[in-house]
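Let's take a friendly walk through a protein model, one region at a time. Keep the picture beside you as you read.

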Amino acid sequence: MFIPRLPELRPAALLLALGLALPAVQAAPINGSFEAGLNGWTVLGDAAALASPQATEGSRIAWIGTASASLVDDAPQAAGALNLSGQEPLAVGQPGGLEAGLGLMLGALDPDPALFIFAIEGSALLQDFVTLAPTVLHFDWWIDSADPLAGQAGGDQAFVLIDGVLSPLGGPGSGSFSALLGAGSHRLAFGVIDVADALGSTRLGIDAVHLTAPVPEPKNWALMAAGLAAVGFTVQRRSHRR
Ligand SMILES: [Ca+2]
Ligand SMILES: [Ca+2]
């Protein structure tokens with residue numbers, strides 16, 4: 001077994017000390033539990049924070065939907081039956097619509113224009129925040145849909161948008177999502193869109209949006225352990241000198 005000499009341990013101890021001195025992760029996004037309703041979030045279209053038994057932090061989940069407030073999107077249910085807030089979803093593929101609200105190019109949400117698969121309307125929640133150090137973003141999600149193709153080609157889509165990069169979240173069901181963010185300014189949005197037609201509404205639920213310090217790689221753990229050993233060794237030597 002390789003046992004480093006003490007002088008070689010000094011940089012490791014220094015790194016350990018620096019690591020402990022890194023600024024704390026900024027407590028943003030704010031209200032990631034949605035226990036304070038949609039405070040802190042920009043609402044684009046139809047969304048509401050509702051008491052939901054499957055909530056993973058507190059009792060509420062933010063739900064984002066594609067159902068019109070006034071039109072029959074989900075026959076035989078009445079007009080607006082699945083709408084969450086009384087607000088209409090925003091148009092997609094039209095100036096001043098959902099893409100504009102998200103800071104995306106017009107057409108960026110169309111799944112496959114080459115195959116004439118376009119998005120029709122949708123809704124999103126958005127928040128801008130700053131991180132002072134590399135940070136892991138985490139959230140939990142749920143998708144309910146009346147569209148049999150939801151999450152598949154040609155069907156409704158739910159997505160997370162991080163700094164302009166769209167990632168689909170999948171079909172009906174639930175899951176957790178994590179991504180590493182660098183230090184700096186970030187734009188985070190959760191959204192859901194009706195694809196191909198405005199019928200058969202889809203709903204995306206979000207809860208427990210958190211930032212946490214990244215877990216060090218195993219090699220860094222080894223370095224930190226070496227640093228701790230060096231600190232311990234130094235403390236022990238000092239106590240022996242008394
Ligand atoms: Ca919650
Ligand atoms: Ca709709």
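Is Asn31 buried or exposed? With a relative accessibility of 16%, Asn31 counts as buried, because the cut-off for that word is under 20%. Keep in mind that this is a predicted model. You can find Asn31 in the loop between α1 (6-21) and β1. Its backbone is worth a look too: phi of Asn31 is near 55°, a positive value in a residue other than glycine.

Follow the chain onward and you come to strand β1 (residues 42-44), where Val43 sits. Val43 is partly exposed, with a relative accessible area of 37%. Leaving aside neighbours within four places in sequence, Val43 touches Leu38, Ala124 and Leu125. Here you can see how folding brings parts of a chain together: Val43 and Leu126 are 83 residues apart along the chain, yet their C-alpha atoms are separated by 6.7 Å.

Now turn to the sheet. Strands of a sheet pair through backbone hydrogen bonds, either parallel or antiparallel. In this model, 5 strands form an open sheet in the order β2-β3-β11-β6-β9, with antiparallel pairing. The edges are held by β2 (46-51) and β9 (173-181); each has a single partner strand, so one side of each is left without a neighbour in the sheet. On average, neighbouring strands of this sheet are turned by 30° against each other, direction ignored. To look at one pair in detail, start with β2 and β3 (residues 60-65), which are antiparallel and joined by 6 bridges. Within this pair, Ala51 stands opposite Arg60 in β3.

Next, find the calcium ion (ligand 2). Which residues coordinate the calcium ion? They are Thr66 (O), Asp73 (OD), Glu121 (OE), Asp194 (OD) and Ala198 (O), at 2.2 to 2.5 Å. Along the sequence, these donor residues follow the spacing T-x6-D-x47-E-x72-D-x3-A. Asp73 lies in the loop between β3 and β4 (90-91), and Ala198 in the loop between β10 (184-195) and β11 (202-212), so the pair ties together parts that are 125 residues apart in sequence. Asp73 counts as buried at 7% relative accessibility, whereas Ala198 counts as partly exposed at 22%.

In the loop between β3 and β4 you will find Pro76, and the peptide bond from Ala75 to Pro76 is cis, with omega near 5°. In the loop between β10 and β11 sits Ala196, which has a positive phi of about 75° although it is not a glycine.

Key
Residues numbered from 1 in each chain as written. Chains lettered and ligands numbered in written order. Predicted model: local features only at pLDDT ≥ 70, side-chain atom pairs only at ≥ 80, totals over all residues. Heavy atoms only, no water. Pairing = 2+ DSSP bridges. Helix = DSSP H or I, 4+ residues; strand = E, 2+ residues; numbered from the N terminus. Axes fitted to C-alpha atoms, helices over the stretch in contact; angles between N-to-C directions. Buried < 20%, exposed > 50% of the residue type's maximum accessible area, 1.4 Å probe, protein only. Contact = heavy atoms within 4.5 Å. Donors = N, O, S within 2.8 Å, 3.2 Å for Na, K, Ca; no water.
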